[in-house]
Amino acid sequence: MHHPGKVELVKAGHGFESRSLLQLMMKKYFTDLRRTYKFTNELLQFVKALHPQKWKSTLSLNYIDLPKSFLDPFLIDVVSNFQCSPIVIHFPPNNWYDWHTDFKRVATINSLLHEAESLTMFGEPVASENPNAKHMKNIVQLKYSVGEMYLLDVQQMHAVLNLNQNRYLLSVGINMPENLSSIMHYCEEYST
Ligand SMILES: [Fe+2]
């Protein structure tokens, strides 16, 4: 027999629990700083016009050091208070960046420079019986809003799937041995 009312109740309850859990996990993995990067369009035009040889290449992606003239007032203060490596990352089309934690970077302040069909995910590893397989749980997507700044805990496992276009991301790496909670505190107290 059909009980539409009962089904609705179960659905509502489940949705509420999922939302709370999601908010809890989002706080753990990354934070929307509610701050806009001031030179989004200018930096995008700059990197698109760069000669290909200007990019430094790793096996899987390309990057440039961010010219100091593209530090906005907030980032100028961040880099003067913490040991930072501000870069722009170029992700080529159709690439998968497997689950990892960052090397040397304790956190990053990231801002996406344009709309891009891509997925940035955080999650927790699950033990697998198959040594060739990696399984993750509690996955949360970081849905970048273009020009918005986010603080990421890159010592948590994360992965990126970039689909069919070039993707340009401002990424201000905050290096070890800086401390995530002091960076978070600094960003929260920052008031201009
Ligand atoms: Fe990473």
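User: Among contacts in the protein between residues at least 6 apart in sequence, what percentage join residues at least 24 apart?

Analyst: Good place to start! This is a predicted model, and in it 81% of those contacts link residues at least 24 apart.

User: How many helices and strands does the protein have?

Analyst: There are four helices and eleven strands. Of the 192 residues, 24% count as buried.

User: Which residues of the largest nonpolar core touch the most other members?

Analyst: A nonpolar core is a set of buried nonpolar residues joined through C-beta atoms within 7 Å. Here the largest one holds 32 residues, and V88, A107, L151, L170 and V172 touch the most other members. At least two core residues come from each of α2 (40–49), α3 (73–81), β4 (84–91), β6 (105–112), β9 (148–152) and β11 (167–175).

User: Let me pick β11, then. Is β11 mostly covered or mostly open?

Analyst: Mostly covered: seven of the nine residues in β11 are buried.

User: Which residues does L170 touch, leaving out those up to four places away in sequence?

Analyst: L170 touches Y37, L43, L66, V88, N110, S111 and L113. V88 is, like L170, one of the core residues that touch the most other members.

User: And how do I read the pairing of β11? In which sense does β11 pair with β4?

Analyst: In a regular strand, side chains alternate between the two faces of the sheet. In this model, β4 and β11 pair in the antiparallel sense over eight bridges; S85, for example, has G173 in β11 as its bridge partner. β6 also runs antiparallel to β11, joined by seven bridges, and there I109 is partnered with V172.

How values were computed
Residues are numbered from 1 along each chain as its sequence is written. This is a predicted model: local features need pLDDT of at least 70, side-chain atom pairs count only at pLDDT 80 or more; totals for chains, interfaces and linings use all residues. A residue is buried if 20 or more other C-beta atoms lie within 10 Å of its own, exposed if 12 or fewer, and partly exposed in between; C-beta atoms are placed from the backbone. Two residues are in contact if their C-beta atoms, placed from the backbone, lie within 7 Å. Two strands pair if DSSP finds at least two bridges between them.
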